[in-house]
Amino acid sequence: MRLEPRASVPLTLGLLAPVGAVAAALAICAALVAWSGASIPRAYALLAEGALGSRLALTETLTRATPLILTGLAAAVAFRARFWNIGAEGQLYLGALVAAWLGGGLLDLPGWTLVPTVLIAGALAGSLLLAGPAVLKTRFGVDEVVTTLLLNFVVLLFVSMMLEGPMKDPMGMGWPQSAPVLPEAELPRLAERTRLHAGLILALLAAAAVWVMTARTVWGYEARAVGGNPRAAAFAGIPVAWVMVRTALISGALAGLAGAVEVTGLKGYLTLDLSPGFGYGGIVVAMLAQLHPAGAVAAAVFVAGIFVGSDAMSRGVAVPTYIADVIVAVSLICMLVATLLVRFRLRKG
Amino acid sequence: MTVSAPLREPEVVLRLAGITKRFGPLLANDGISLELRRGEVLALLGENGAGKTTLMNILFGHYVADAGHVEAFGRPLPPGSPRAALDAGIGMVHQHFTLAENLTVLDNVILGTEPLWRPWSDRAGGRRRLLDLASRFGLAVDPDRPVGSLSVGERQRVEILKALYRNARILILDEPTAVLTPQESLGLFATLGRLTADGLSVVFISHKLHEVLAGSQEVAVLRGGRLVARRRTTETTRAELAELMVGRPVTAPRALPLAPGEPVLALAGATVAAPAGPPALDAVDLTVRRHEILGIAGVSGNGQTALADLLSGVAELAAGRMVLLGSEIVAPSARELVRRGVARIPEDRHATGLVPGMAVWENLIAERYREPRFSRWGFQRRGGAMAHARALIARYDVRGPGPAAMTRLLSGGNMQKLILGRTLSERPSLIVASQPTRGLDIGAVTYVQEQLLEARAAGAAVVLISEDLDEILALSDHVAVMVRGRLSPPLPRAEATIQRLGLLMAGHWEEHGAIAQAGAAHAS
């Protein structure tokens, strides 16, 4: 067996790759399902039903997908310019912190202006958090993987300090949580008796905006050139350092927005378990989507569906819920293999 | 000569029979049959994409042929196994070396030759054997130096020693001179002579005619995947080989005399700092005028890259002045120079010239994507850019799947045409061309040279930095030589003989302080 590079990649192959990867991942994880003693068809049927099979299931999946779309876009935008932002988790929490702080009564703005202000402030917070690593990278060549990853822990500890101290809810019975945001600062619900909120619309608009930006604008062109070959970009006169910083600011804003949306749309206040790893999940989403914004939406819904559906599967056939983590992780690995197979042809002999 | 070779070796050491290899729609090798005789150098000549490298990769087991078979020393070679090729005594030296830079020469050579189960390494024995091989074939290397500190020519010697250490009796050299200076190439030919005198056989892949004529006994010419001719080297001519290789008669471009016009570029004391040590470009003065090509010759690594970078706007001017069309440029940047009409052709088209993963049209606007014809209110004007790309593709004869295709799918020659089209179509007043024909086949070389001459006729000033002396002498009006970051005063072409340039390259003008003395010394 050997690998030979393909001269050109047919479009259908590029589209089929994620589907094939997901199918392979589900097939591999079927072994684990069987090992836990459940019937494979029944377990997967419960998974699908739990994720998509009812109004409640579907809205729960979409609710869960909302922050993942935004963090997935954050990763996709940055990775496209080869800026490895691993810190979406921290940017998300900082965005959430700012949203909870401004929305919790600090700002007294007339009705409809409060929501946009709070969301923009949350996005800016995420943006500013990533400005440091971006400048360090472009100025001094400091590896952004290290700085963004470590900042996640700094931010989490900072949030923890704020929730135990100045931002602690006096009515919170001693729990480390912020005071709830004002009703005027909450995003509207999209459907009765569900948790689905207008954040989903925002996330879809963000995906459309990122798509247009990447494919059609000068900024997107510059980012793709810098990601494709920074030396050639610099030679042609593209301001590589500025493009990187700008891309990082956009990426951080998307992750910060995810946090602000979770607070104002879903939870209403900030706790330390706001995100079950949405920031890191965004990396998986971006890779599954092959960095394409529309793909990020689909991948986020898939990842969210696996997590939501696995709860139902767990209740029905007693497969532990962390099968969801395994499926998502295996999907990522399968996707990496699929990407390889898209670029290369497997030959016998 | 052949006495020292083992007697059991047959007269024909390597036989390829009917090798055919297809990559999708592309027929890379079409029924190629070849023999390599013991103690001879067989040159495999062909343009880029003619199928030379594919053929050698099949021979060495990297690819499996769709049809045909290989025989080494009379025995069939199992396909698809580099191991089998090594065991049969075939050694390959790739164009891009496969050495570990942090290890010493000795470590690199013995790496992989010792059994894994033995807990120690027989370095003393390895060293003896290496030094023995080195002295036998005149391949002087210091076994204890880290490979990272060696020059390109020395690294190639290590690669050859590595193959010899593994008992290679047939050496395959893939474009071995592409990375060498003319002097290092001569050294390589001397080595090949000693190897064949000892009964080894060599396949030498090249597209440079003078090397093939200088270093081989037999020539096989490939074109479009077919073997089009086999000649004894003594019975053929440069013109015949060129025609066989390209498929039509070839004429080299010549510069017509033109009166130089006003000065376009002037450097005075221009200095570019190096990361460490003496400056990469050291107080260089030069002037180029309209209708003039200034050729910059020199052994690679003497500051040509720094000069090209400075004139391309990607290196900082540490000291000195740069004047373009009468106005001084204080901090030259790529964008500034492009705006002022400088066309830049970079040394390495893959690494600095193009973004291979972007479409052809996107690369064609890379220097000017902000201009109103290509963008409006931050959005790209795709229609304008595509029309521009189609026009350039037609005008500069870029062969490929079209403006929307990925640039990486183009051949090297077509990539260079892309860069030429991008810059020369803007009617530049100054052209900075750095190794513009390196690695290209004859057809593309002629094309690039003609384009430079056409731009000169149209009134451009050209700085031509090249390691190919033939090219410098064919195109330039004046020739200057770079040595250790300094530039010699220019010689008019009529006075620039190879011998005189050789003296300059050896740094004689520097030691004597003036070019006149070097010239006088030569004349006397």
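A residue is called buried if 20 or more other C-beta atoms lie within 10 Å of its own, exposed if 12 or fewer do, and partly exposed in between, with the C-beta atoms placed from the backbone. This is a predicted model, in which local features need pLDDT of at least 70 and side-chain atom pairs count only at pLDDT 80 or more, while totals for chains, interfaces and linings use all residues. Residues are numbered from 1 along each chain as its sequence is written, and chains are lettered from A and ligands numbered from 1 in the order in which they are written.

Strand β7 (residues 170–174) of chain B is largely enclosed by the rest of the structure, because five of its five residues are buried; helices (H or I, at least four residues) and strands (E, at least two) are DSSP runs, numbered from the N terminus. In a regular strand the side chains alternate between the two faces of the sheet. In β7(B) both faces are covered, with I170(B), I172(B) and D174(B) buried on one side and L171(B) and L173(B) buried on the other.

Two strands are said to pair if DSSP finds at least two bridges between them. Strand β6 (residues 90–93) of chain B pairs with β7(B) in the parallel sense over four bridges, and here V93(B) stands opposite L173(B). Strand β8 (residues 201–206) of chain B also runs parallel to β7(B), joined to it by five bridges, and V203(B) of β8(B) is opposite I172(B).

## An open antiparallel sheet

Chain B also has an open sheet of four strands in the order β12-β11-β14-β15, with antiparallel pairing. Its edge strands, each pairing on one side only, are β12 (281–289) and β15 (327–328) of chain B. Five bridges link β11(B) and β14(B) in the antiparallel sense, and L267(B) has M322(B) in β14(B) as its bridge partner.

Strand β14 (residues 319–324) of chain B is paired with β15(B), again antiparallel, over two bridges, and V323(B) is found opposite E328(B). The hairpin of β14(B) and β15(B) has two residues between the strands, and in this hairpin L325(B) takes a positive phi near 50 degrees.

## Two helices in chain A

Two packed helices are described by the angle between their axes and the distance between the axes. Helix α11 (residues 278–288) and helix α13 (residues 323–343) of chain A have axes that come within 10 Å and cross at roughly 35 degrees, where axes are lines fitted to C-alpha atoms, for helices over the stretch in contact, and angles run from 0 to 180 degrees between N-to-C directions.

The residues that make this contact are V284(A), M287(A) and L288(A) of α11(A), together with V328(A), S331(A), L332(A) and M335(A) of α13(A); two residues are in contact if their C-beta atoms, placed from the backbone, lie within 7 Å.

## Where the chains meet

The contact between the chains takes 29 residues from chain B and 19 residues from chain A. On the side of chain B that touches chain A, the elements giving two or more residues are α10 (334–339), α11 (349–353) and β18 (379–380) of chain B.
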